[in-house]
Amino acid sequence: MNVDVNTSRRSADYEVLSPWADADPVPLRGIAPRPADLAGKKIGLFSNRKRAAQLTLGAVERELLEKFPTVQTSWYECSTINTPEMLTEGKAKFVAWVAGVDAVVLSVAD
Amino acid sequence: MTDGRSAASNKGMPLVRIVPDEVPCECNVKEDADAGIRASMARIIEALTKPLSAEEQAPKKKEKGTPSRIAFKGQLEEFDRFFYKRGWGDGLPLRPPTEAAVREMLAGTDLEPAHVVGEIVPRNGKATVEKIAINAVMAGALPTHMPILIACVEALADPRAHLGAYGTSTGSWMPFWIINGPVRDDARVNSGSGAMSPGDIANAAIGRTMGLIVKNVGGTRKAIEDMGVYGNPGKYSCVAGENEEMSPWEPLHVEQGFAGDESAVTLFFPNCYSQIWQYGSDDKGILATLIYNLPPGRSGLTCLLMTPTQAKTLAQKGWTKPMIRKYVYEYGRVPAYRHPSFHDGGGWTGRSPETVPPNAMDSAAIVPSPDHIRVLVLGGPGAFMGLACGGGLPGGQFVTKKVNLPSGWTKLVAKYKGLVPAYEKY
């Protein structure tokens, strides 16, 4: 059987439905106000639990203490890799930790 | 950096301050980390102290366009290219999801098209029955696959499956879908020879549909949210049935708490699937193949794939699935220096410190517990065994969901029963 594929394709028009799902809009939030100066401040160091995060945050801590000797640091390691801490059993601990620091450096590493 | 921006945006903080990489994200060399951070420190301090702009204080909403239900009108090639350019495809040709084709697909469920089966991360897109059906049509699925696909979406949306982690991870994890119960035959899911190869509509299209749903409902984009280093061909489709009739043991879904006459889908995320020539056809050879070929670098949920013949051999010697799980956990070991936990102190492997061996030659279990292991009977005759090895996130589980069949199921199955390949004779 001889079929002209091009002709048969050209003859059809398709009206197709969208595969893209709707999603509820996420309320937007501004980022936390910044301290004018880091001297005397408590800086949180949040690790995503991967090896390089701990290494880079360690370097950040050393640099901060060298530049701002009165800085204090406080470490936090997430409960579960690649999962927002607010969705884990660590939520309450995390909220309390955030309330106790003036600013946070978060390291996302692999 | 794109994944960080996307993750923050999805949580409602699009303008979080990100200092670009000066250190490779996988770096474990202290000198390199120190140098990279030293080079970045001025920008880190600036990010910590620079006063907020008006937009950083109150980010403006992007105009939210309600997705149009009709996405495109035109000819076949134009449709395919339009969808591809929108990022809605997977690189292979798509079948047009016309109103009629989607209506036919919806014959596979009694649920309303607007019913939300689950929300899929990272975008929290609503997986309505209609969106599932649209993606199923695009993937070439049949209406008899719809009940399975709905259960697959339920599994994907279950937090215990950790899609948010595995779907975005550098580890390129692939969803492995295992089908049990009567629906396996009804939908013609292959559990025999070459079950995991191309060639069966169900095995191909169910996995492909779920891959499209991850993209089009969950919003996962390659190299933006999906940061898989190498990627994984299993993301096209990794679907198999368990060969329950030929297995001497209770099926996987029964182990997972369902009745034998129920149908179910089980999901977990391996990132490697290896096949190993068995060390011997007796019970000792079969078990040795498994325990000596577990990859110590994986150390998570693990599925042992064995043929009906291998399973019968073990069963004849008194082995049960729980016994095999315990044995593989107990004797699937390496010297500690070959295990990642010895090198990173338990860090990303998720093991608690008391399980980390202190000495290089101490014996270290590869899989964290017998409960991290499942046994799956499938495949045809031959001397190979399979290992599908996944990640070990805390709380991660094999997630099983019941497949609910619609009214008129028998008639629907009969309609598609004859759709099987009749190979050329030569």
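Q: How many residues of domain 1 of chain B are in contact with domain 2 of chain B?

A: Two residues are in contact if their C-beta atoms, placed from the backbone, lie within 7 Å. Here, five residues of domain 1 of chain B are in contact with six residues of domain 2 of chain B. On the domain 1 side, one of these residues is nonpolar, three are polar and one is charged (nonpolar: Ala, Val, Leu, Ile, Met, Phe, Trp, Tyr, Cys and Pro; charged: Asp, Glu, Lys and Arg; polar: the others, Gly among them). This is a predicted model, in which local features need pLDDT of at least 70, side-chain atom pairs count only at pLDDT 80 or more, and totals for chains, interfaces and linings use all residues. Residues are numbered from 1 along each chain as its sequence is written, while chains are lettered from A and ligands numbered from 1 in the order in which they are written.

Q: Where do the bounds of the domains of chain B fall?

A: Domain bounds come from an automatic or database domain assignment. In chain B, domain 1 covers 2-56 and domain 2 covers 75-269 + 406-415. Their C-alpha centres are 37 Å apart.

Q: Which loop holds P122(B)?

A: Helices (H or I, at least four residues) and strands (E, at least two) are DSSP runs, numbered from the N terminus. P122(B) sits in the loop between strand 2 (116-120) and strand 3 (125-128) of chain B. The peptide bond joining V121(B) and P122(B) is cis, with omega about 5°.

Q: Is H162(B) buried or exposed?

A: A residue is buried if 20 or more other C-beta atoms, placed from the backbone, lie within 10 Å of its own, exposed if 12 or fewer, and partly exposed in between. H162(B) counts as buried because it has 27 C-beta neighbours inside 10 Å. H162(B) has a positive phi of about 60°, although it is not a glycine.
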